[in-house]
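This report describes selected strands and a helix of one structure. The sequence and the model are shown first.

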Amino acid sequence: MQTKTKPTDIILHNQSRTLEVVFDTGERFHLPWEYLRVFSPSKEVRARFGKDRILVLDKQDVILKEIKPIGNYALKLYFDDGHNSGLYDWRFLYELGVNQAQYWQEHLDRVAKLD
């Protein structure tokens, strides 16, 4: 996985409820707000990864209200449910983009097991 990639463009799409991140590799990811909230890098959510990760539910209607750059290495995202802890550094955003299908399917599988 690329570790030194940096975004060249970050676009908030309110209509599609996605955050578009374009990296210097030319890769472009459309990350849904729900996905970003569910996979928050905050200690509260990401305390453990994989199967032990805290399962965040019912965020399909979450709104990404604000984005603030943190230095030249990360974004802080502010969601309407009050969640705003955790920094989405470039490496983590890239990881979320590259692994989006896999991570989201794993999340859906965990949710399905609750039924």
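Strand β4 is joined to strand β5 (residues 74-79) by 6 bridges, and the two run antiparallel. Strands here are DSSP runs of E of at least two residues and helices are runs of H or I of at least four, both numbered from the N terminus; two strands pair if DSSP finds at least two bridges between them. Within this pairing, isoleucine 70 has alanine 74 of β5 as its bridge partner.

The model is predicted: local features need pLDDT of at least 70, side-chain atom pairs count only at pLDDT 80 or more, and totals for chains, interfaces and linings use all residues. Residues are numbered from 1 along each chain as its sequence is written, and side-chain values use heavy atoms, with hydrogens and water left out.

The order β4-β5-β6 describes an open sheet of 3 strands with antiparallel pairing. Because β4 (64-70) and β6 (87-89) stand at the edges, each with a single partner strand, one side of each is left without a neighbour in the sheet. On average, neighbouring strands of this sheet are turned by 30° against each other, direction ignored.

## Helix α3

Helix α3 (residues 90-98) lies across β5 and β6 and runs at about 80° to β6. Axes are lines fitted to C-alpha atoms, for helices over the stretch in contact (heavy atoms within 4.5 Å), and angles run from 0 to 180 degrees between N-to-C directions.

The helix is largely enclosed by the rest of the structure, because 7 of its 9 residues are buried. Buried means under 20% relative accessible area, with a 1.4 Å probe and protein chains only. The buried residues of α3 include Trp90, Phe92 and Tyr94.

## Strands β1, β2 and β3

Strand β2 (residues 18-23) pairs antiparallel with β1 (residues 7-13) over 6 bridges, and with β3 (residues 28-32), also antiparallel, over 5 bridges. Glutamate 20 in β2 stands opposite isoleucine 11, while valine 21 stands opposite phenylalanine 29 in β3.

Both pairings belong to hairpins. Between β1 and β2 there are 4 residues, and arginine 17 in the turn has a positive phi of about 55°. The hairpin of β2 and β3 also has 4 residues between the strands, and there glycine 26 takes a positive phi near 95°.

Strand β2 is mostly covered, with 6 of its 6 residues buried. Thr18, Glu20 and Val22 point one way from the strand, whereas Leu19, Val21 and Phe23 point the other way.

Technical notes:
Buried means under 20% relative accessible area, exposed over 50%, partly exposed in between (1.4 Å probe, protein chains only).
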